[in-house]
Amino acid sequence: MTEKSEINQILIKFENNKNRLMDILLAINDMQGYVGLEDMQSIADHVGISVVQVQETATFYHFFSPKPQGKYNIYLDNSITAVMNGHAEVKEAFEHFCGTTFGHVSKDGLFGLYNTSCIGMNDQEPAAIINNKVFTNLTPYRVKNLADDMRAGKSPDELMYEDFGNGNNAHPHVKAMVNNHIRKKSIILRNDYEPFRFLTSKLKDYTPETVISEIEASNLRGRGGAGFPTGLKWRFGRRTDGKHRIIICNADEGEPGTFKDRVLLTEYSDLVFEGMVVAAFATGSDIGLLYLRYEYKYLLRFLNHKLEVMRRNRFLGNNIGGVEGFDFDIRIQLGAGAYVCGEESALIESLEGKRGEPRDKPPFPVEKGYLGYPTIVNNVETLATAVKILYRGAEWYSGFGTKDSLGTKLLSISGDCLYPGIYEVEWGTTIREILAMCGAKNIQAVQVGGPSGMLIGMKDFHNMDNSELMKWYKPSGMMIAEKFFDRKLSYSDLPTGGSIMIFNNSRDLLGEVVMNFMDFFIEESCGSCSTCRNMPIIMKNKLQKILDGHGTREDIYDLLNWGKVLKASRCGLGQTAGNPILSSIFHFRHLYEQRIQSLTHFDSGFDLEKAMAKTRNYVHKKPAFHHF
Ligand code: SF4
């Protein structure tokens with residue numbers, strides 16, 4: 001048990017500040033492996049909030065534990081690309097060699113096994129986090145070695161055998177087995193960037209107004225998926241009065257299948273941080289916060305080191321770039337595992353030390369955000385792109401992409417292809433071209449934009465009575481192309497935050513892919529809205545009924561109608577939680593039709609024998625109705 005004085009030291013370090021509750025909980029959880037009720041009471045007494053408020057935060061995030069865990073805690077990624085690359089065998093191996101099952105701690109207290117959603121390693125699955133270190137490309141053989149080494153008492157660092165990944169993954173402050181897999185570079189990733197050159201050589205020629213105007217002229221739109229015009233957001237932020245203004249870099253990329261921000265932070269962190277400084281100059285902000293997802297904790301030391309170098313070189317601090325009165329600094333806030341924190345207001349709640357529940361809007365963060373101050377939230381890629389635009393000019397930038405979607409987009413490509421990884425392509429690139437780039441063959445479907453996006457196929461199947469669906473479900477607001485793979489990445493056709501997952505003809509799209517996505521949404525709902533809390537479960541059960549051969553056409557209409565109900569949810573998570581089922585009905589209707597029964601036949605899907613099987617095991621009785 002940890003000495004009370006050690007917990008007090010942590011509280012003192014964070015100045016007994018309730019807004020630093022995440023840091024306090026992270027530090028205690030790191031130190032002793034859990035945050036118990038007694039610890040929560042102690043925190044509450046010191047920071048001046050109720051123990052219930054501390055519990056609310058401590059029980060919300062995946063990586064906080066209320067009770068002691070193992071000496072080694074293994075979080076195995078259960079995303080669909082992990083499943084496609086041997087997750088089941090690796091999971092079985094962990095259970096076999098660690099002597100416990102997932103969700104439990106081994107009797108000797110050595111191993112805790114846990115499932116977790118996508119950890120941002122889809123190009124090198126199966127992957128797991130063991131005591132904050134990432135292990136990629138796992139196999140049952142590697143799991144055996146890991147278990148042996150852990151039993152021998154090796155540290156997480158020693159478990160890696162210095163088998164580090166490329167680029168900065170091998171940096172002394174990172175030391176990760178992760179690989180970048182950068183496959184295609186264009187204007188953002190090209191090696192022509194001189195760190196902080198805009199700050200040193202150009203900033204003095206600009207005013208905040210001319211920076212905003214240049215970004216507006218470039219038509220840069222947010223790269224997180226929503227696509228809000230960046231220049232306009234900066235203008236709104238600048239206009240709002242406040243004692244402080246805040247720039248937040250949203251590095252909480254949790255959409256399964258996306259990992260581009262991980263690579264930007266690993267190899268282009270100067271570009272991202274310079275983007276934060278430029279955004280601060282434009283908006284008149286004095287405080288910068290980078291919210292880093294817990295799964296990327298292995299980058300924290302490296303990124304803090306980068307910030308220290310910036311401070312030494314006066315790229316942070318007072319009078320930055322020689323501009324009198326331009327004072328700005330950046331702090332990195334670590335998350336603790338919650339997909340919903342990618343939503344900007346949930347992220348702000350988390351930054352304030354609370355549960356990551358989205359706020360009602362308005363007011364929007366630019367009016368009232370972090371601690372009530374005007375807050376501008378930008379995606380990692382958006383900030384990196386802004387620097388390139390300012391250095392070369394909006395006119396240069398407008399030479400890339402399409403009329404309504406200028407520039408390039410970073411894609412995270414994974415699944416059934418020869419070359420998964422990061423591709424920087426111009427907006428307007430077709431899915432067909434992308435599939436050729438990454439060496440995909442025998443393709444059945446492509447998931448664009450992660451589980452909240454769209455599942456598209458080679459052919460158009462909507463001649464099979466999708467009229468009801470067509471009335472209201474327009475995934476991108478466009479006519480459906482005759483051949484989906486000729487559709488283009490763009491804000492007017494296929495908008496995307498960057499996740500592209502490919503499924504070949506051997507995949508069970510409904511039973512494997514769609515069910516995995518529905519499990520993800522069920523797990524990640526914050527539970528605030530009854531629609532989002534319940535409908536994904538009900539829809540998943542209905543899909544299971546269809547998969548079990550008990551479905552009728554009415555069940556498909558139920559799914560469509562329930563999908564509409566979900567749209568009433570408060571935030572994007574709930575609003576898109578039905579998309580895996582809806583877009584698969586829309587584009588793969590034949591898979592549903594193959595499994596349903598005739599129109600006239602009604603089947604409740606209830607199987608009495610199956611329902612009683614578990615109970616029967618307990619009472620050791622024969623089937624009650626076997627004589628029927
Ligand atoms: Fe929470 Fe879901 Fe409602 Fe969003 S939609 S606020 S995640 S319950």
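What radius of gyration does the protein have, and what would a compact globule with 628 residues have? This is a predicted model. The protein has a radius of gyration of 25 Å. A compact globule with 628 residues would come near 25 Å, so the two agree.

**The whole protein**

Along its principal axes, the C-alpha trace spans about 90 × 65 × 45 Å. The secondary structure comes to 25 helices and 14 strands. Of the 628 residues, 57% count as buried. Residues 24 or more positions apart account for 71% of them. The charges come next. There are 72 positive and 75 negative charges, and their mean positions are 1 Å apart.

The table collects some values for the protein.

| Property | Value |
|---|---|
| Accessible surface | about 25,600 Å² |
| Share of that surface from carbon and sulfur atoms | 50% |
| Residues that count as buried | 57% |
| Radius of gyration | 25 Å |

**A covered helix**

Helix H11 runs over residues 260-267. It is mostly covered, with seven of its eight residues buried. Which residues of H11 are buried? They are Lys-260, Asp-261, Arg-262, Val-263, Leu-264, Leu-265 and Thr-266.

**Glu-295, in a loop**

Where is Glu-295 placed? Look in the loop between strand S7 (287-292) and helix H13 (300-312). Is Glu-295 buried or exposed? Its relative accessible area is 7%, and buried means under 20%, so Glu-295 is buried. Leave aside its neighbours within four places in sequence. Glu-295 is then in contact with Phe-63, Cys-118, Ile-119, Ile-129, Val-134 and Gly-337. Ala-386 gives a sense of distance. Glu-295 and Ala-386 are 91 residues apart in sequence. In space they are 26 Å apart, C-alpha to C-alpha.

**Glu-524, in a helix**

Glu-524 lies in helix H19, which covers residues 509-524. Glu-524 is buried, yet has no salt bridge. Which side chain of opposite charge is nearest to Glu-524? That side chain is Arg-293, 7.5 Å away. A salt bridge needs a side-chain nitrogen of Lys or Arg within 4 Å of a carboxyl oxygen of Asp or Glu. What does Glu-524 touch? Not counting residues up to four places away in sequence, Glu-524 touches His-62, Ser-117, Ala-338, Tyr-339, Val-340 and Leu-573.

Definitions and conventions:
Residues are numbered from 1 along each chain as its sequence is written. This is a predicted model: local features need pLDDT of at least 70, side-chain atom pairs count only at pLDDT 80 or more; totals for chains, interfaces and linings use all residues. Side-chain values use heavy atoms; hydrogens and water are left out. Helices (H or I, at least four residues) and strands (E, at least two) are DSSP runs, numbered from the N terminus. Buried means under 20% relative accessible area, exposed over 50%, partly exposed in between (1.4 Å probe, protein chains only). Lys and Arg count as positive and Asp and Glu as negative; His and the chain ends are not counted. Contact means heavy atoms within 4.5 Å. The radius of gyration is taken over C-alpha atoms; the globule rule is 2.2 Å times the number of residues to the power 0.38. Accessible areas come from the Shrake-Rupley method with a 1.4 Å probe; for residues, only the protein chains shown count as cover. The place of a charge is taken as NZ of Lys, CZ of Arg, CG of Asp or CD of Glu.
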